[in-house]
Amino acid sequence: MTRALNAELIKLRTTRTFFALTVTAAGLSVLVVALFASLATDLTGNDVRALFTADFTGPFILLLGAIGMSGEFRHRTIASTALSTPQRLVLMLSKLAAYAAAGVLLSLLVNLAIIPVGALILSARDEVTLSFGDHLDILWRNLVVAAFFGPLGVCVGTLIRNQVGAIVALLAYLLVVDSALSGLAFDVWRWGPFGGLPAAITGVGPDGEPDPDLLSTGAGIVLELGWLALFAVAALAWLRRRDLV
Amino acid sequence: MPAIEVRNLSKSFGSVQAVRDLSFSVEPGRVTGFLGPNGAGKSTTLRMVLGLIRPLRGDATIDGHHYEHLEDPSGRVGAMLEDTSFHPGRSGENHLRVLAAAGGHPPARVDELIDLVALRGAEKRRVGQYSQGMRQRLALASAMVGDPGVLILDEPTNGLDPAGIRWLRGLMRQLADEGRTVLVSSHLLAEVAQAVDDVVIIARGELRGNGELQEVLGGGGAPVTDVRSPYPDQLRDALTRRGHAVEHGPSEQDLVVRAEPEAVGIAAAEDGLTLYRLAPRARSLEDTFFELTADEVPRR
């Protein structure tokens with residue numbers, strides 16, 4: 001398992017996908033935080049908290065996992081991977097662990113980029129700022145969500161092995177279905193793995209405010225873990241059944 | 001114990017039966033050619049041996065184990081699959097680094113392999129910029145990462161230039177002489193004949209021939225003798241009277257006889273006929289291959 005994980009981490013480091021997604025996510029997040037911190041007025045503590053809950057990283061981390069796994073099918077490198085790591089369970093676990101680590105790293109880099117920029121601008125404008133403890137609290141919640149999103153993306157990339165299909169399906173779900181559910185069927189949305197449960201973990205609802213109807217952070221983590229297990233079992237079953245030609 | 005054992009393997013893709021009840025074994029210290037026309041089921045069989053395709057029935061083992069249960073898969077078996085693919089954005093060196101890490105082999109092995117397959121100077125280029133021949137060399141290096149005892153090579157000469165093919169033949173011979181097992185599929189029969197000790201011939205997913213190369217070459221069809229005489233008509237009569245089939249040869253004095261040279265010589269001597277030439281015709285691997293796969297190979 002350690003060898004397979006090591007190999008997966010080398011794969012991540014030796015293509016441009018991880019760097020491209022990290023730079024794009026960080027750039028967009030810094031831009032949004034800088035604009036918001038520069039232009040918004042009469043900010044409350046909740047507003048600032050929502051600002052640093054990096055909304056842009058989630059889709060990028062999901063895409064990173066989906067692209068990483070579906071790329072094995074697209075470039076037909078899955079046979080080579082399976083020859084090195086013939087047990088599908090070990091193969092799947094190493095992918096999940098590698099993309100959990102990659103998700104955490106991506107989120108950490110984005111947070112390290114937005115916190116000083118946002119804090120400096122807010123401080124310069126005499127707006128509300130957060131304490132170091134508040135930033136740490138936001139950071140660990142963001143990292144936990146990132147640790148779930150990387151592997152969830154891997155599962156999506158296994159179940160939808162067409163790379164374009166996986167990306168389109170993820171974006172369509174996040175931008176259309178999930179958004180619609182949060183507005184039209186909150187009671188359904190709050191149990192979902194891509195919207196409601198991550199919101200429960202970060203403590204920021206769909207309108208950017210803490211929402212008493214969100215599940216607790218602990219329940220969010222446990223249920224998100226359940227979703228990940230469900231996705232992983234489905235992906236593993238699919239990978240075991242498939243002929244790798 | 002055979003290094004590779006295939007027992008009653010069968011596989012279908014939809015309504016197409018790719019492999020039917022196929023059994024054969026491959027011995028260590030020998031180069032075994034795995035031959036068959038396009039679509040005969042060679043690649044499917046090799047992928048079943050490697051655990052990449054699930055057989056419908058039967059099984060295949062390497063050193064007595066299914067591939068996925070091997071302790072150190074890349075240290076025991078190296079595989080070069082037909083149309084081996086690489087991530088086009090990763091360099092050849094990094095591709096080998098990934099495989100070395102996955103198998104727990106030292107990073108220094110990557111440098112050795114780059115030299116072995118003559119990719120020095122191109123190792124840092126992205127694989128997307130490699131020629132077909134360079135990709136084949138990289139695929140071979142990938143198979144050799146763990147310095148394995150068993151090598152499975154599927155059409156390894158595709159894309160190699162003549163010098164590369166000769167180099168590969170020498171490498172396969174060297175590996176077998178070191179006691180390793182080499183199973184190589186190819187449709188280039190002349191190349192295989194020069195390199196292999198044993199052959200497995202399949203067509204329509206079924207076994208058609210299996211054994212040592214010379215044994216398989218000698219096993220099919222009646223012996224053929226080329227004969228030349230200044231009295232071809234008398235010689236033809238002498239041979240047909242004794243029950244041997246005779247055909248015209250390349251010139252008026254030449255005949256092709258379906259008999260051993262001894263029988264032709266005796267017939268000529270008994271009838272007092274002079275012979276200028278009496279030569280057994282050596283059967284080629286190509287002759288044997290076409291005979292064994294006659295229902296499969298299109299004739300022109």
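1. Two residues are in contact if their C-beta atoms, placed from the backbone, lie within 7 Å. On that basis, in this predicted model, the contact between the two chains draws on 23 residues of chain A and 28 residues of chain B.

2. On the side of chain A that touches chain B, the elements giving two or more residues are α1 (2-13) and α5 (78-84) of chain A. The greatest contribution to that side comes from α1(A), with six residues. Sorted by class, the side of chain A that touches chain B holds nine nonpolar, nine polar and five charged residues.

3. The largest nonpolar core has 131 residues, and those with the most contacts inside it are V49(B), A141(B) and I152(B). Helix α6 of chain A, residues 88-124, gives the most to this core, with 12 residues.

4. When residues up to four places away in sequence are left out of the count, V49(B) touches I4(B), V6(B), A60(B), I62(B), Y67(B) and I152(B). Of these, I152(B) is itself listed with V49(B) among the residues that have the most contacts inside the largest core.

5. Helix α4 of chain B, residues 108-116, has four buried residues: R109(B), V110(B), L113(B) and I114(B). Viewed down the axis of α4(B), these buried residues line one face of the helix, because they fall within an arc of 140 degrees. The spacing follows a general rule: an α-helix has 3.6 residues a turn, so residues three or four places apart point the same way.

6. On the face of α4(B) turned away from the buried side lie the exposed residues A108(B) and D115(B). After α4(B) comes A118(B), which has a positive phi, near 60 degrees.

7. Strand β8 (residues 198-203) and strand β9 (residues 206-212) of chain B run antiparallel and are joined by six bridges. Within this pair, D198(B) stands opposite E212(B) of β9(B). The two strands form a hairpin with two residues between them, and R204(B), in the turn, has a positive phi of about 50 degrees.

Note on methods
Residues numbered from 1 in each chain as written. Chains lettered and ligands numbered in written order. Predicted model: local features only at pLDDT ≥ 70, side-chain atom pairs only at ≥ 80, totals over all residues. Nonpolar A, V, L, I, M, F, W, Y, C, P; charged D, E, K, R; others polar. Pairing = 2+ DSSP bridges. Buried ≥ 20, exposed ≤ 12 C-beta atoms within 10 Å, placed from the backbone. Arc of directions from axis to C-beta. Core = buried A, V, L, I, M, F, W, Y, C linked by C-beta atoms within 7 Å.
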